[in-house]
2 protein chains.
Amino acid sequence: MNKNAIDLTLEEIRAALEAEQFDIAIQAFHRLRPADRAEAFADLGDKMQQVLLPELDIETTADLLEELEDMAAADVAGNLTTERLADVLDEMEPDDAADVLGDLTPERAAEALAEMEDAEEVIPLLEHEDETAGGLMTTSFITLSPDNTAGQAVQILRRIKPDTEIPYYLYVVDTDYRLIGIVGLRELVIASPADIIRRIMDPEVVYVTTAMDQEDAANVMARYDLAALPVLNEEGRLQGVITHDDLYNVLEEEATEDIYRLANVADGDLTIHSPISLEVRRRLPWLFLNTLTALFAAWVISHYETLIAQVAILAVFQSVVAGMGGNAGTQSLAMVVRAIALGDIPPNKAYRTVLKEGGTGIIQGVCVGISVGLGVYLWKGNLFLGLVLCLALIGNMFIAVIVGTIVPLVLKAVKQDPALASSVLVTAVTDSVGFFLFLSLATLFQGHL
Amino acid sequence: MNKNAIDLTLEEIRAALEAEQFDIAIQAFHRLRPADRAEAFADLGDKMQQVLLPELDIETTADLLEELEDMAAADVAGNLTTERLADVLDEMEPDDAADVLGDLTPERAAEALAEMEDAEEVIPLLEHEDETAGGLMTTSFITLSPDNTAGQAVQILRRIKPDTEIPYYLYVVDTDYRLIGIVGLRELVIASPADIIRRIMDPEVVYVTTAMDQEDAANVMARYDLAALPVLNEEGRLQGVITHDDLYNVLEEEATEDIYRLANVADGDLTIHSPISLEVRRRLPWLFLNTLTALFAAWVISHYETLIAQVAILAVFQSVVAGMGGNAGTQSLAMVVRAIALGDIPPNKAYRTVLKEGGTGIIQGVCVGISVGLGVYLWKGNLFLGLVLCLALIGNMFIAVIVGTIVPLVLKAVKQDPALASSVLVTAVTDSVGFFLFLSLATLFQGHL
């Protein structure tokens, strides 16, 4: 269904709700796919949502909570009675139910869990940190014994009638629940019913552990093109499975986070649809941090006020040095942050990256420095001004790429987010160093400027 | 297999190749998973690659080409005889084979195609642009007639013995090859053999068309959590299927591209492992573009040289105004570019985004403007300097968010990449406008500074 069809259906739902024709509204709502329902629901606005919500059945409400953004889902959950919420959570995929429970107050979550029938599927998921493999996995998967036959496996599937999020693999475990192999549905269909699972399973399983960072788990899944990734505990026992749709979310989430953080928007959950008040609260603190570094750079310049009063043309070109350093540093920063995110820099080879970016920085600095130096010499007819600019540009652009490379590598080494605050640091250094280099070189050649 | 194990195996392969013990080298190479083989192969270096390559069998070479980066795969393909290359391409997934052919010279590609046995699977893929749904899809999928039974479908699967990239869905087409439904392997396993496909298929298929941009196709797949997405031509006939592993690649590729472009690294294929010469060639042109805009901003300042000679303190603070505009504009730019990439801004609601970001910009400008104005007043004891800074900051930060929001929206509207060159434009505007606002306001209050 395309955007237009969704918009039309949304109008129909709105009109029906206003006319209190709830049946028509519900019918129209059901025509949408679950993902589109979440969007339509979000677009309805608070008042209409309150009217529609009680009219939805348990299953539709569960689908809706699965598809809504975390904060919106928590809002909806807050509007349900505890009893109804428990029914809805029972109907949801365990991993999504755990996410909703994690966003409620501890008291409310405890109440809902007490009322739930399938609480035991969700409780193990609650102990894992949000951004780990354990926080991402679902507990709804199917296990087999290696001694089962393919025919028995098919019988098990027929009995369970797995719903959509059950992955396309069956997991073979020993009596200690240790994972010893996987069987794809494809192999199962092709096998003859008497085949023993041990014979058709793939014993070379790629897996991750519950505590692994979700980004690292995502890289494993993407690297080996897996549609599902088993998650084991420290003892090798199967705890859950990460499915392809989780990976889509993680890849999008992590990319958003990196893009935002490089632009000093600290909160990856912020969207273009967030209210202004939230946007300002999340963005303004970082602008204040930027302000401090900008004022520090101003303080550096203030030491050369007398010089500038005598040679005012320095004020015209000082920002070129600072700015070009920032631009060169940002390039390196973006490449290194992205390479770290994709698991592309082995820790023991980080120095190679520094050397290489340093080389790139020198070459770029020489090219830009000579061009600008020459250009300004031709423009202003001042050879020494051109020379000072050239030298300051080379120095600052070299330092810029080094800082842009080292800062994210160090942040990663101390287990921090490589993108967080690194662009503030790069700008702080390139500005201050840029002004300092240019103006102190200018002091040296003052007589000739 | 973890990084260490891969490194150890790599050492083993190196030692074996040096000792000309090819069997041992090949054995060690085979112990690696295909994705790891590609990494190990790339790490071997040119000379060792030349030694290893002829020793690999057709199937291993095909796996290797599927996993290597585009440029590396083209290099390897260039080192094979035409006959051998054709055999390898026959063995590869059609979509990967088409990618390799697309990177060869037209003559070489034509020669290889002429030698291939399964050229007819690959040729239809060659006509699609690289970054479209058609360029991403594979032609290896399985179709059923709606009148088949589930039992017949299982027989078809047993006969074909599909390999790994065949998706977990079977596609139901009418006699005109129009897609009328899909059947998951899950439904097929659960069904009884006599069930008619028409009864168990899902007729509500989400699909895209061949010409659709790959990023839009990826968003459809991620939105509806699909493990496979059928691609139809304009007449509704099934042309191919995009699989989950393609989506992983697209999500990573598009995120890399956006992060790079926002940092003025124009080429998404550049990696931290690219040679310095390539890095410089791809990054330096953008730095020169930045240089031009920096010199334009310098030209703006040069009109106020006399003023600065009289009131040198202006040179201390002018960069704060320009820089903070850049920071605020970059925040908006990142959020809007990301929202466009995720399909989050309906074209008819773009004006809302501009209004909202404008509001955020004003609020942030007032907060930062007042703080800096007050701070500088306390620092330098100059009330009018504080006032000029405050007003210039409010103006520049407001203009910055508006430009940061509008530029990507306009680029998207004219079907250009929203991230391309937009950060150059934002910096150009925030620098020039920042200096102009601050220095012209300073001119107004010159007597009091």
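Analyst: An interface rests on contact, which here means heavy atoms within 4.5 Å. The model is a predicted one. In it, 100% of the interface residues of chain B are also interface residues in chain A, so the copies meet through the same surface.

User: What rotation and what shift superpose chain B on chain A?

Analyst: The rotation is 180°, with 0.0 Å of shift along its axis, and the superposition has an RMSD of 0.1 Å. The two copies are therefore related as by a two-fold rotation axis. In chain B, the C-alpha nearest that axis belongs to B:Ala309, at 2.3 Å.

User: How should I read a sheet, and what is the strand order of the open sheet in chain A?

Analyst: The general idea is that in a regular strand the side chains alternate between the two faces of the sheet. As for this case, the open sheet of chain A has 3 strands in the order 4-5-6, with mixed pairing. Its edge strands are strand 4 (208–209) and strand 6 of chain A, each of which pairs on one side only. Helix 15 (residues 214–223) of chain A packs on the sheet and touches strand 4, strand 5 and strand 6 of chain A; the direction of the helix makes about 135° with that of strand 5 of chain A.

User: Is strand 6 of chain A enclosed or open to the outside, and why?

Analyst: Strand 6 (residues 238–243) of chain A is largely enclosed by the rest of the structure, because 5 of its 6 residues are buried.

User: How many disulfides does the structure hold?

Analyst: The test is whether two cysteine sulfur atoms lie within 2.5 Å. Over all chains there are 0 disulfides. For A:Cys367, the nearest cysteine sulfur is that of A:Cys390, 10 Å away; A:Cys367 is partly exposed, with a relative accessible area of 26%. In chain B, the sulfur of B:Cys390 is 10 Å from the closest cysteine sulfur, in B:Cys367, which is too far for a bond. B:Cys390 counts as buried, at 12% relative accessibility.

Notes. Residues are numbered from 1 along each chain as its sequence is written. Chains are lettered from A and ligands numbered from 1 in the order in which they are written. This is a predicted model: local features need pLDDT of at least 70, side-chain atom pairs count only at pLDDT 80 or more; totals for chains, interfaces and linings use all residues. Side-chain values use heavy atoms; hydrogens and water are left out. Buried means under 20% relative accessible area, exposed over 50%, partly exposed in between (1.4 Å probe, protein chains only). Helices (H or I, at least four residues) and strands (E, at least two) are DSSP runs, numbered from the N terminus. Copies are superposed by least squares on the C-alpha atoms of residues with pLDDT of at least 70 in both. Two strands pair if DSSP finds at least two bridges between them. Axes are lines fitted to C-alpha atoms, for helices over the stretch in contact, and angles run from 0 to 180 degrees between N-to-C directions.
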